[in-house]
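Thank you all for making time this morning.

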Amino acid sequence: MTRYEEVASILRERIEHGIYRVGDRLPSIRAVCQELDVSISTAQEAYRQLMDVALIESRPKSGYFVLPSRVPSVLPSVSRPAQRPLDISQWDQVLELVATQRDDSRLLLGRGVPNLAYETLKPLSKILSGLHRGNDLNGFNYDKLNGSPELRQQVARLAIASGCLLHPDDIMVTTGCQEALAISLRTLTQPGDVVAVDSPSFYGTMQILKANGLKALEIPTDPQTGISLEALELALEQWPIRAIQVTPTYNNPLGYTMPEARKRSLFQLAQRFDVAIIEDDIYGDLSFTLPRPRTVKSFDDDGRVMLCSGFSKTVGPGLRVGWLAPGRYRDQALHMKYVSTGASATMPQLAVAEFVAKGHYERHLRYATRQYQRQRDIMISWVQRYFPKGSGISFPQGSFLLWVELPAAVDCVRLNERLAQHAIHVAPGSLFSASGKFRQCLRLNYAFTLTPAIEDAVRTIGMLATEMVEEVQAHEVVLK
């Protein structure tokens, strides 16, 4: 065994014995040299060996960190939704999830809220304070219906990273990404129309379908590559689908990112059947690697993709700053914007525009995504340790949401009821389906600093889920 292999073996043993746990920062190259009396090149080669087998990763200017297995040993299964359009249900459960107060005493592990405590957001607070203290009252007046020119200019600049060349006039500001999705669906559909969606799918979009009298046609979806293009093609041949709604980058809740070639194929399929695509890219900027993935919109050469995004998941949901690039549907979308909310609030738009223009947004993204990647790894390790054996776990390459598929014996709606006694709340999988499927699944948020209290909560979830599995097994024994 060479000297660098000996060093790699020592570090590997420490990782396997839990001395260095998932997400921990390893000793620096210099520290390894001093401790084990080796050269810098030997220590570097030892770390390279550990990276080659995906035990650790290098993060620029931060050091080396312990990784979980490259992909969890068991992924969630490919969804098998109903093969017909369905009316939407689940509103009561959605309301329970979104109606929680800021001072709710429960540990809310299921909400899609970013970490708002990072120091990199402080410049935004100063910008907002400056706007409020200023004598200029323009911030209290209506801005343009399509949004402030300053913000639209910055959004157009940011969109270049996703492969989109947009003019500021191609963009309209909305009151959050939710309004962008609602405007898109109202622009393209009439009550009774059918919309194809991935499965599972974001419950906010599902409730827009419900409110507008639309039917959802859920398409089988793979936890790594996304919506099945083959199944979608069959659905387009069979049903009068008016729009395809997808979240192809860091999908909520399944976590997948559709490969670039499949994004292009999705656009070409929509082109062939002359149907519009509504692309939700709200998590797209939260990429753990650079460059961030391209959008489906980046392949759009005829304006049929309505790209929806915003700053709720990257900066703060309370700002309610979203945006929409409506393509060929601009005039209809602008009318829908007028009859719903009119112009969006001016002050948050100006603040976010300045936050982006001064480089604070990019710095915040770099910091936040490093933290989220580390916390993803820790959360996955806890789920693997505490949840019932065989649970499927997603492996998102961005964002802060984890999808877990438990054994079929676990009903996560009932599990949530039991968790209430421990002041813990998760998002049951049934929220993410038109018909209430995925009851054995749940969504977890790993954006917040993963404290011992959160680890205890994950342990409690796993313990109660295991109890439910054992109860079903005992009942089956009695029946035999």
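Let me begin with a term: a salt bridge here is a side-chain nitrogen of Lys or Arg within 4 Å of a carboxyl oxygen of Asp or Glu. Please keep in mind that what you see is a predicted model, and that a search of the whole structure finds 27 salt bridges of this kind.

I will take a few of them in turn. In helix 1, which covers residues 3–16, Glu6 and Arg3 are three residues apart and so are separated by about one helical turn, and their side chains meet in a salt bridge with an N to O distance of 2.8 Å. Glu6 is partly exposed at 30% relative accessibility, and Arg3 is partly exposed as well, at 37%.

Another pair is formed by Glu35 and Arg14, whose closest N and O atoms are 2.6 Å apart. This pair links distant parts of the chain, with Glu35 in helix 2 (residues 29–36) and Arg14 in helix 1, 21 residues apart. Glu35 counts as partly exposed at 44% relative accessibility, whereas Arg14 is buried at 17%.

We find a salt bridge also between Asp169 and Arg152, with 3.3 Å between the closest N and O atoms. Asp169 lies in the loop between helix 6 and strand 4 while Arg152 belongs to helix 6, so the pair ties together parts that are 17 residues apart in sequence. Asp169 is partly exposed, with 41% relative accessibility, but Arg152 is buried, with 4%. Elsewhere, salt bridges that share partners join Arg21, Arg385, Glu455, Asp456 and Arg459 into one network.

Now to helix 12, residues 346–357. Its twelve residues reach 17 Å from the first C-alpha to the last, close to the 16 Å expected at 1.5 Å a residue. How many of the twelve residues of helix 12 are buried? Nine of them are, which leaves the helix mostly covered, and among the buried ones are Met347, Val352 and Phe355. What covers these buried residues includes helix 5 (122–133), helix 6 (149–159), strand 4 (172–174) and helix 13 (360–386). After helix 12 comes Gly359, which has a positive phi, near 85°.

Two bridges join strand 16 to strand 17, residues 441–445, and Pro428 stands opposite Leu442.

Finally, let me contrast two residues. Asn115, in the loop between strand 3 (107–108) and helix 5, is buried, with a relative accessible area of 4%. Leu95, which is found in helix 4 (residues 91–98), is partly exposed at 38%, and together with Trp91 and Val98 forms a nonpolar surface patch with about 250 Å² of accessible area.

Notes
Residues are numbered from 1 along each chain as its sequence is written. This is a predicted model: local features need pLDDT of at least 70, side-chain atom pairs count only at pLDDT 80 or more; totals for chains, interfaces and linings use all residues. Side-chain values use heavy atoms; hydrogens and water are left out. Two strands pair if DSSP finds at least two bridges between them. Helices (H or I, at least four residues) and strands (E, at least two) are DSSP runs, numbered from the N terminus. The expected span of a helix is 1.5 Å times one less than its number of residues. Buried means under 20% relative accessible area, exposed over 50%, partly exposed in between (1.4 Å probe, protein chains only). Contact means heavy atoms within 4.5 Å. Patches are made of residues with over 30% relative accessible area and no salt bridge: like charges are joined within 9 Å, nonpolar side chains (Val, Leu, Ile, Met, Phe, Trp, Tyr) within 5 Å. Accessible areas come from the Shrake-Rupley method with a 1.4 Å probe; for residues, only the protein chains shown count as cover.
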